[in-house]
Amino acid sequence: MTSLTFGRYVPHNSFVHRLDPRSKILFMILLMVVVFMPFSVWSTSLIMSGLYLLLMIGIMLFSHVSFIQLFKSLKAMWFLVIFLMIVYILIPNPNYTRPAFNINEYVIYWDGFYQSGYIILRLILMICITMVLTATTKPLDLTYGLEWYMTPLKPLKFPVHIIAMMISIALRFIPTILDETDRIMKAQESRGVDFSKGGLIKRLKAIISLIIPLFISAFERSEQLADAMEARGYDPNRKRTRYHQLRFHWSDLICFILVGALFGGVIYLSIAHKNLNLIETIFKVEVPF
């Protein structure tokens, strides 16, 4: 459980840490769109995904995000990776056209390897982007940024502040619940509970011995938090002021220009590849891409 990194803020004084949280949320959305931008030629998709991965590695190095935590997160998803490879490689697909080898009479296609590798690479990129956002942004600042983006919904009587507070509390307690889960697992293992061995019934009982104390602890923490907020006179319907005010800086403008240029360039390249594919289809001309 401690290998999960979402919601864990790592304090540093890097350039990425000093960016406005509203800018980082926008950059994350744009990078997510870029990662999922399709290309008509599979080799171009793999090359672009590799370039995205190199870019994210550079950003992680620049923002002091731990690669060990990234590997731990990927290790926790090994089952999903194997499942995706089985689905894309072994299950027949009529769109596959490039045979690789045969297993008896069953044909394995290169397209299956490409599809599975492409999906896994995009999954790694999503984890990298999420890690950079959560590791370089305080949960409260992240909540302020989300609330700022939901401000246009206030005239519609949408509970913007309440939703933002719920997100803030959820992000704040993700690391706490993970640590509590690890503590309960160690306590149960010291009492003879084995979470990794045994049959289905035994493992189910072991999981129940973990879930019930965890739920009880979570409910107790939520009740204590509610009592503390009520004792301090918290009222979500009143107008509130903030000690920390969010402000855009020149660094946010520079990053917006760079990310915007990347976003526009990838969109142009994707559209250009579609047009080239159309030219090949109409005029029967091979374009070297």
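How far is the sulfur of cysteine 255 from the closest cysteine sulfur, and in which residue does that closest sulfur lie? The sulfur of cysteine 255 is 18 Å from that of cysteine 128, which is too far for a bond. A disulfide is taken here as a pair of cysteine sulfur atoms within 2.5 Å, and by this rule the count comes to zero disulfides. Cysteine 128 is accordingly in no disulfide, the nearest cysteine sulfur being that of cysteine 255. In general, a disulfide is a covalent bond between the sulfur atoms of two cysteines.

The structure is a predicted model, in which local features need pLDDT of at least 70 and side-chain atom pairs count only at pLDDT 80 or more, while totals for chains, interfaces and linings use all residues. Residues are numbered from 1 along each chain as its sequence is written, and side-chain values use heavy atoms, with hydrogens and water left out.

The relative accessible area is 1% for cysteine 128 and 12% for cysteine 255.

The largest nonpolar core contains 26 residues. Such a core is a set of buried Ala, Val, Leu, Ile, Met, Phe, Trp, Tyr and Cys residues joined through side-chain atoms within 4.5 Å. Tyr52, Met56, Met60 and Val266 touch the most other members of this core. Two or more residues each are given to the core by α1 (21-35), α2 (42-62) and α5 (110-136). Helices (H or I, at least four residues) and strands (E, at least two) are DSSP runs, numbered from the N terminus. The largest share of the core, eleven residues, comes from α5. In soluble globular proteins, nonpolar side chains tend to be buried together.

Contact is defined as heavy atoms within 4.5 Å. With residues up to four places away in sequence not counted, valine 266 touches Val34, Met37, Phe39, Met48 and Tyr52.

Helix α5 packs against α1 at an angle of about 175°, with the axes 10 Å apart. Axes are lines fitted to C-alpha atoms, for helices over the stretch in contact, and angles run from 0 to 180 degrees between N-to-C directions. Angles under 35 degrees count as roughly parallel, over 145 as roughly antiparallel, 65 to 115 as roughly perpendicular and the rest as oblique. The helices α1 and α5 are therefore roughly antiparallel to each other. On the α1 side the contact is made by Lys24, Ile25, Met28, Leu31, Met32 and Val35, and on the α5 side by residues including Tyr118, Arg122, Leu125 and Met126.

Helix α3 (residues 67-75) also packs with α5, at an angle of about 135° and with the axes 11 Å apart. These two helices, α3 and α5, are therefore oblique to each other. In this pair, Gln69, Leu70, Ser73 and Leu74 of α3 meet Ile124, Ile127, Cys128 and Met131 of α5.

Two serines in helices are buried. Serine 49 lies in α2 and has 1% relative accessibility. Beyond residues up to four places away in sequence, serine 49 touches Tyr118, Leu121 and Leu125. Serine 116 is found in α5, and its relative accessible area of 3% places it among buried residues. The C-alpha atom of serine 116 is separated by 13 Å from that of proline 92, 24 residues apart along the chain. Proline 92 lies in the loop between α4 (78-90) and β1 (99-103) and is exposed, at 64% relative accessibility.

Other loop residues were also examined. Histidine 64, in the loop between α2 and α3, has a positive phi of about 60° although it is not a glycine. Histidine 64 counts as partly exposed at 45% relative accessibility. Lysine 157, in the loop between α6 and α7, likewise is not a glycine and has a positive phi, of about 65°; lysine 157 is exposed, with a relative accessible area of 75%. Most residues other than glycine have a negative phi. Leucine 153 is found in the loop between α6 (139-149) and α7 (160-190) and is partly exposed at 32% relative accessibility. Its contacts, leaving aside neighbours within four places in sequence, are Phe158 and Val160.

Terms used
Buried means under 20% relative accessible area, exposed over 50%, partly exposed in between (1.4 Å probe, protein chains only).
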